[in-house]
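Colleague: I have a model on my screen and would like to learn to read it. Could you take me through the features one at a time?

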Amino acid sequence: MIGAIAGAIAACVYNIPKWIVTECNKILSPKLLEYLTEFEVFIMKKISYSNMI
């Protein structure tokens, strides 16, 4: 659990190489990949909106 938290924090600070993201996405179930995609779209909308203010 600590590793997951540390990884999430590190991902915010350091860029994750595209090849690692691609490889990780390959092992996700289709439903989990769908959730991840929806979450990423949601976050990008929030970031775009906050930059407009």
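Modeller: The largest pocket has a volume of about 450 Å³. Keep in mind that this is a predicted model.

Colleague: How do I read a pocket in general?

Modeller: Rolling a probe the size of a water molecule over the atoms shows where empty space is left.

Colleague: Which residues line the largest pocket here?

Modeller: Its lining is made of Ile16, Ile20, Val21, Cys24, Asn25, Leu28, Leu36, Phe39, Glu40, Ile43 and Met44. Two elements, α2 (18-26) and α3 (30-52), each give two or more residues to that lining.

Colleague: Which element gives the most to the lining?

Modeller: That is α3, with five residues.

Colleague: How do the lining residues divide into nonpolar, polar and charged?

Modeller: Nine are nonpolar, one is polar and one is charged.

Colleague: Where is Met1 placed?

Modeller: Met1 sits in the segment before α1 (2-13).

Colleague: Now the charges. How should I think about a salt bridge?

Modeller: Side chains of opposite charge can pair when their charged atoms come close.

Colleague: How many salt bridges does the structure hold?

Modeller: The structure holds two. In one of them, Lys26 pairs with Glu23, and the closest N and O atoms are 2.9 Å apart.

Colleague: How are Lys26 and Glu23 placed in helix α2?

Modeller: They are three residues apart in α2, so about one helical turn separates them.

Colleague: How accessible are Lys26 and Glu23?

Modeller: Lys26 is exposed, at 56% relative accessibility. Glu23 is partly exposed, at 41%.

Colleague: Which residue meets Lys31 in a salt bridge?

Modeller: Glu34 does, with 3.6 Å from N to O. Both residues belong to helix α3. They lie three residues apart there, which means a separation of about one helical turn.

Colleague: And how accessible are Glu34 and Lys31?

Modeller: Glu34 has 35% relative accessibility and counts as partly exposed. Lys31, at 44%, is partly exposed too.

Note on methods:
Residues are numbered from 1 along each chain as its sequence is written. This is a predicted model: local features need pLDDT of at least 70, side-chain atom pairs count only at pLDDT 80 or more; totals for chains, interfaces and linings use all residues. Side-chain values use heavy atoms; hydrogens and water are left out. On a 1 Å grid over the protein atoms alone, a cavity is a set of points where a 1.4 Å probe fits but cannot get out, and a pocket is an open set with protein on both sides within 12 Å along at least five of seven lines; lining residues have an atom within 4 Å of a point. Grid points are joined across faces, edges and corners, and a volume is the space filled by probe spheres set on the points. Helices (H or I, at least four residues) and strands (E, at least two) are DSSP runs, numbered from the N terminus. Ala, Val, Leu, Ile, Met, Phe, Trp, Tyr, Cys and Pro count as nonpolar, Asp, Glu, Lys and Arg as charged, and the others, Gly among them, as polar. A salt bridge is a side-chain nitrogen of Lys or Arg within 4 Å of a carboxyl oxygen of Asp or Glu. Buried means under 20% relative accessible area, exposed over 50%, partly exposed in between (1.4 Å probe, protein chains only).
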